[in-house]
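Visitor: I am new to this structure and would like to go through it in questions and answers. Please show it before we start.

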Amino acid sequence: MPRLLSSLLSIGVALTLAGCSAPAPAPTDSAEPTPSVAASLIPTAPPTDVVDVDPAGFAGDFGDYTFKVGDGPAWCTINVDRKNVLCEQSEADAKYAPMPMPSDCDFSYGYQVQLFATAPEDGSKIADFVCSGGAYADPTTAATLNSGERVTLEGITCFVEGTAARCENEAKNYIVLGPDAWAIGS
């Protein structure tokens with residue numbers, strides 16, 4: 001009986017693990033067009049009556065400040081040491097068309113986007129999507145930055161409109177992320 005129970009348990013664990021792993025999307029070449037999002041879904045400016053929120057309410061333990069984006073599934077983390085912000089959400093929550101995956105990315109792409117306060121010294125882009133094998137931050141205990149609120153830290157300002165966050169640096173480079181929209185620009 002112990003062998004039968006052990007065998008059934010092993011088979012159950014194997015089936016459970018197999019069911020949890022989805023095949024990674026196939027990498028694409030750069031010739032594949034990037035899907036676009038309707039301009040009306042991309043926040044362009046905070047409301048005139050925007051409320052500035054004290055960043056201390058979002059402070060984490062490692063020099064970062066994480067906030068949930070309104071009532072939506074996205075969250076953003078401003079890292080004061082790296083002087084950047086990274087907004088992210090689960091792939092399952094994204095309603096926009098999948099981003100073409102670069103050939104050098106073996107993980108997930110199009111669900112994390114980052115912006116630096118100034119151009120990175122290593123020559124990487126000031127704003128871009130990130131190839132990621134997991135979440136950068138855990139939003140489960142993060143406070144919420146509500147629609148119509150804004151937070152500013154280390155040359156980066158973020159505000160929320162509905163379920164999307166828009167973060168900008170002082171040079172007006174920006175990123176947007178929410179379940180319905182994404183944007184990168186200057």
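Visitor: In which loop does N173 lie?

Guide: This is a predicted model, in which local features need pLDDT of at least 70, side-chain atom pairs count only at pLDDT 80 or more, and totals for chains, interfaces and linings use all residues. Residues are numbered from 1 along each chain as its sequence is written, and side-chain values use heavy atoms, with hydrogens and water left out. Helices (H or I, at least four residues) and strands (E, at least two) are DSSP runs, numbered from the N terminus. On that basis N173 lies in the loop between β10 (164–169) and β11 (174–177).

Visitor: Is N173 buried or exposed?

Guide: Buried means under 20% relative accessible area, exposed over 50%, and partly exposed in between (1.4 Å probe, protein chains only). The relative accessibility of N173 is 12%, so N173 counts as buried.

Visitor: Which residues is N173 in contact with, leaving aside its neighbours within four places in sequence?

Guide: Contact means heavy atoms within 4.5 Å. With those neighbours set aside, the contacts of N173 are L115, I126, C167, E168, G185 and S186.

Visitor: What is the relative accessible area of K172?

Guide: K172 lies in the loop between β10 and β11. Its phi is near 75°, a positive value in a residue other than glycine. Most residues other than glycine have a negative phi. K172 is classed as exposed because its relative accessible area is 51%.

Visitor: What is the phi of K83 near?

Guide: K83 is found in the loop between β3 (75–79) and β4 (84–88). Its relative accessible area is 39%, so K83 is partly exposed. K83 is a residue other than glycine with a positive phi, near 55°.

Visitor: How far apart are the C-alpha atoms of K83 and P120?

Guide: Leaving aside neighbours within four places in sequence, K83 is in contact with L115, F116, A117, E154 and I156. K83 and P120 are 37 residues apart along the chain, and their C-alpha atoms are separated by 9.5 Å.

Visitor: How many helices and strands does the protein chain have?

Guide: Along the sequence, the pattern of the protein chain is α-β-β-β-β-β-β-β-β-β-β-β-β. The secondary structure therefore comes to one helix and twelve strands, by the DSSP runs.

Visitor: Where does pLDDT stay under 50?

Guide: pLDDT is the predictor's confidence in each residue, from 0 to 100. The protein chain has a mean pLDDT of 86, with 83% of its residues at 70 or more. Where pLDDT is low, the predicted coordinates should not be read in detail. The stretch under 50, for which the model has twelve contacts beyond four places in sequence, is residues 1–30.

Visitor: Which strand is T152 found in?

Guide: T152 is partly exposed because its relative accessible area is 42%. Beyond its neighbours within four places in sequence, T152 is in contact with P55 and T157. T152 is found in strand β8 (residues 149–153).

Visitor: How far apart in space are Y65 and A142?

Guide: Y65 lies in strand β2 (residues 64–69). Leaving aside neighbours within four places in sequence, the contacts of Y65 include P55, F58, C76 and L153. Y65 and A142 are 77 residues apart in sequence, and their distance, C-alpha to C-alpha, is 8.6 Å.

Visitor: Is S108 buried or exposed?

Guide: S108 is found in the loop between β4 and β5 (112–116). Leaving aside neighbours within four places in sequence, S108 is in contact with E91, V130, C131 and S132. At 17% relative accessibility, S108 counts as buried.

Visitor: What percentage of the residues of the protein chain count as buried?

Guide: The protein chain has 186 residues. The share of them that count as buried is 42%.
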